[in-house]
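Welcome! Please take a moment to turn the model around on your screen before reading on.

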Amino acid sequence: SEQSARLSTWRVAPRLAPPIALMHTHDTLVLGWDREVLDDTFSGVHDESINEFVIKVAPAGKAIQARTVRASFRQAVSLAQAWQDAGVSDSTDGAALICAGGMGSNFVAVVPGLSPNQRYVCQAAAVSAAGQGDWSSLSMEVSTVPVAPRVTEARVDEVQHNQILVSWEHVQLPPGIPQSLFDKLGLTKSIEELHLCGYCLRSAP
């Protein structure tokens, strides 16, 4: 007989686009992602409904140290909606914890328990009733922030025989998101830990 039209079996779960960083603190990443955009010529694949997501985060170049977190489909959609409703923008004045170019994802998850000032790469996979789908491609590298910002432009204002007077600009990292979103994302403690409570000065001959 003649060859039939192209057919395909159902796959486990749809493939996802690489996660992007929406926000970072010293120990937490807020990641967003979408379904992978398929080529216009691609057809015939049926997707199972997504039940949950698995997000894998590893220090750059150290895949063996990867850790994973799971987020239900409902939770990932709810956090994405909360992010969009808050009107967060990477152009917000002084929004030091907001990552550039990470707006408008359909799914969002929070990955806590990371190390300060560390570069990470991320992947995401969808899970259906039939099992886990393929991992996404690796994300671009994203860094957590240091536990405290670096002080720059310190200057000596006065020199005496037994002491000097030094001054600098007070540096505080404004998060750039409303308090209600802190609570929704579970970031209240992480952001409070970044509040500056003092400075340490060191001098040498």
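The report below starts with the whole chain and then visits a few places in it.

## The whole chain

Keep in mind that this is a predicted model. The protein chain has three helices and 12 strands. Of its 205 residues, 35% count as buried. The accessible surface of the protein chain comes to about 12,600 Å², and carbon and sulfur atoms hold 51% of that area.

How do parts of the chain that are apart in sequence meet? Among contacts in the protein chain with a separation of 6 or more, 69% are between residues 24 or more positions apart.

## A strand on the inside

Strand E7 covers residues 107-111. Four of these five residues are buried, so E7 is largely enclosed by the rest of the structure.

Strand E3 (residues 29-33) runs antiparallel to E7, and five bridges join the two.

## Two buried loop residues

Follow the chain to the loop between strand E2 (20-24) and E3, and you will find Thr25. Is Thr25 buried or exposed? With a relative accessible area of 1%, Thr25 is buried, because the cut-off for that word is under 20%. The side chain of Thr25 makes a polar contact with the side chain of Ser190, at 2.7 Å. Leaving aside neighbours within four places in sequence, Thr25 is in contact with Leu97, Thr144, Val145, Ser190, Ile191 and Leu194.

Ser139 sits in another loop, between strand E9 (131-132) and strand E10 (142-143). Its relative accessible area is 10%, so Ser139 is buried. Which backbone atom does the side chain of Ser139 reach? The side chain of Ser139 reaches the backbone nitrogen of Cys122, at 2.8 Å. With neighbours within four places in sequence left aside, Ser139 is in contact with Pro18, Pro19, Val121 and Cys122.

## Charged partners

Side chains of opposite charge can pair when their charged atoms come close. The structure holds five salt bridges. In one of them, the side chains of Arg119 and Glu141 meet, with 2.5 Å from N to O. This pair links distant parts of the chain: Arg119 is in strand E8 (residues 119-128), while Glu141 is in the loop between E9 and E10, 22 residues apart. Arg119 is partly exposed at 42% relative accessibility, and Glu141 is partly exposed at 48%.

Glu193 forms a salt bridge with Lys189, where the closest N and O atoms are 2.5 Å apart. Why are Glu193 and Lys189 separated by about one helical turn? Glu193 and Lys189 are about one turn apart because they are four residues apart in helix H3. Glu193 is partly exposed, with a relative accessible area of 40%, whereas Lys189 counts as exposed at 57%.

## A nonpolar patch on the surface

Which residues form a nonpolar patch on the surface? Val151, Tyr199 and Leu201 do, and together they have about 260 Å² of accessible area.

Leu201 lies in the segment after helix H3 (188-193). At 55% relative accessibility, Leu201 counts as exposed, because that word is used for values over 50%.

Key:
Residues are numbered from 1 along each chain as its sequence is written. This is a predicted model: local features need pLDDT of at least 70, side-chain atom pairs count only at pLDDT 80 or more; totals for chains, interfaces and linings use all residues. Side-chain values use heavy atoms; hydrogens and water are left out. Buried means under 20% relative accessible area, exposed over 50%, partly exposed in between (1.4 Å probe, protein chains only). A polar contact is a pair of N or O atoms within 3.5 Å; within protein, one must be able to donate a hydrogen and the other to accept it, and residues adjacent in sequence count only if both atoms are side-chain atoms. Contact means heavy atoms within 4.5 Å. Two strands pair if DSSP finds at least two bridges between them. Accessible areas come from the Shrake-Rupley method with a 1.4 Å probe; for residues, only the protein chains shown count as cover. Patches are made of residues with over 30% relative accessible area and no salt bridge: like charges are joined within 9 Å, nonpolar side chains (Val, Leu, Ile, Met, Phe, Trp, Tyr) within 5 Å. A salt bridge is a side-chain nitrogen of Lys or Arg within 4 Å of a carboxyl oxygen of Asp or Glu.
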